[in-house]
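Hi,

Here is the model I promised to pass on.

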Amino acid sequence: MRSPHLLSIKDLSVSEILEVLDTARELSRITDGAMKKLPTLRGRTVVNLFFEDSTRTRLSFEAAAKRLSAEVINFSAKGSSVSKGESLKDTAQTLEAMGAELLIVRHSSSGAAARLAQSGWVSSHIVNAGDGMHEHPTQALLDAFTIRSHFPEHDRDFTGLRIGIVGDILHSRVARSNVLLLTALGATVVLIAPPTLIPIGVESWPVEISYNLDAEISSLDAIMMLRVQGERMNDAFFPSEREYARDFGLGAQRLKSLKKGAIILHPGPINRGLELSAASADSPQSVILEQVANGVAVRMAVLYLLMGGTPIPKEGVLV
Ligand code: CP
């Protein structure tokens, strides 16, 4: 990776995206075998700097760092001196003074990770773990990793794959990062949502737009259901949850319309019964838990490539 930071999928060329995915596959192959932990980041320190709640991203970065033998410091704004008014700058500098070399930043403000990277306040590598409604690059990388594992004929090129992203596009950093990444790899992306949940300016995005899930569902190779982000909604974006689920939810009826071999993704956490029924979330076509597992491998690859870890050891060398 050329950039010392991962702030946006725009930071990555197609060959760098493939480098991350290939490295993740190699790391996953090794750590799924006899060697559970690699020494490659031994003595290095990474910090989870989370100003917003998280289960998957924070824990998988922690697992990823530990599997590479790095030290991990976890910071959560809740219960910290942020409540006393401590700034992002002072918080980051405090953690760097404790030895941090890489900060994994989640923040409710779009651009917070970029601000840290570009301010000169700290010299650490910065990884954007979700900034407001802007981007969530490691989520898109793990989604692409998951998709390619199900379509091996598209290992290096997603041309010919039609991928639907359904629901709350407006508030979704996952959707923005995925549009950039999936189209960079050649996929056709169709955004499917009520007009109120499609962002202004979407005409300039390299995507198709549809307001009718039933018209699209049988043409999709992968369907990515998005969480309805109630916490970012200060207005009524649809008449009722019941109507949303009827028109844009993936329920038992629509499940039958999916193409054979199509996969169901969701970044989590799921609102069961709203965007996804239990029957769909738990169906054989659902790859949601694979996404979680792949998140660890992809985040190992990101840490390894950004921090310049020592060479990945050969299998059979236990540490
Ligand atoms: N997908 C995702 O970002 O989940 P968390 O909010 O649990 O990290």
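First, the ground rules. This is a predicted model, so local features need pLDDT of at least 70 and side-chain atom pairs count only at pLDDT 80 or more, while totals for chains, interfaces and linings use all residues. Residues are numbered from 1 along each chain as its sequence is written, and side-chain values use heavy atoms, with hydrogens and water left out.

**Overall**

The chain has eleven helices and nine strands (DSSP runs numbered from the N terminus: H or I over at least four residues for helices, E over at least two for strands). Its radius of gyration is 20 Å, which agrees with the value near 20 Å for a compact globule of 319 residues (taken over C-alpha atoms; the globule rule is 2.2 Å times the number of residues to the power 0.38). Along the principal axes, the C-alpha atoms fill a box of roughly 55 × 50 × 35 Å.

Strand β1 (residues 45-50) is joined to β2 by six bridges, and V47 has I73 in β2 as its bridge partner.

**The five-stranded sheet**

The other open sheet I'd point you to runs β7-β6-β5-β8-β9, again with parallel pairing. Its edge strands are β7 (208-210) and β9 (263-265), and its neighbouring strands are turned by 20° against each other on average, direction ignored. Strands β5 (residues 162-166) and β8 (residues 222-225) pair over four bridges, with I163 opposite A222. Helix α5 (residues 137-150) lies across β5, β8 and β9, at about 170° to β9.

**The ligand**

Which residues surround the ligand? They are S54, T55, R56, T57, R106, H136, Q139, P267 and G268 (near means a heavy atom within 4 Å). For polar contacts (pairs of N or O atoms within 3.5 Å), a ligand oxygen is 2.9 Å from a polar backbone atom of T55. A polar side-chain atom of Q139 lies 3.0 Å from a ligand nitrogen, and a backbone N or O atom of G268 lies 3.4 Å from a nitrogen atom of the ligand. The protein covers 91% of the 250 Å² of accessible area that the ligand has on its own (Shrake-Rupley method, 1.4 Å probe).

Most residues other than glycine have a negative phi, and most peptide bonds are trans. The bond from G268 to P269 is cis, with omega near -10°; P269 is in the loop between β9 and α10 (278-281). S69 has a positive phi of about 70° although it is not a glycine, and it sits in the loop between α2 (56-67) and β2 (71-76).

Cheers

Note on methods:
Pairing = 2+ DSSP bridges. Axes fitted to C-alpha atoms, helices over the stretch in contact; angles between N-to-C directions. Contact = heavy atoms within 4.5 Å. Polar contact = N/O pair within 3.5 Å; in protein donor to acceptor, adjacent residues only side chain to side chain.
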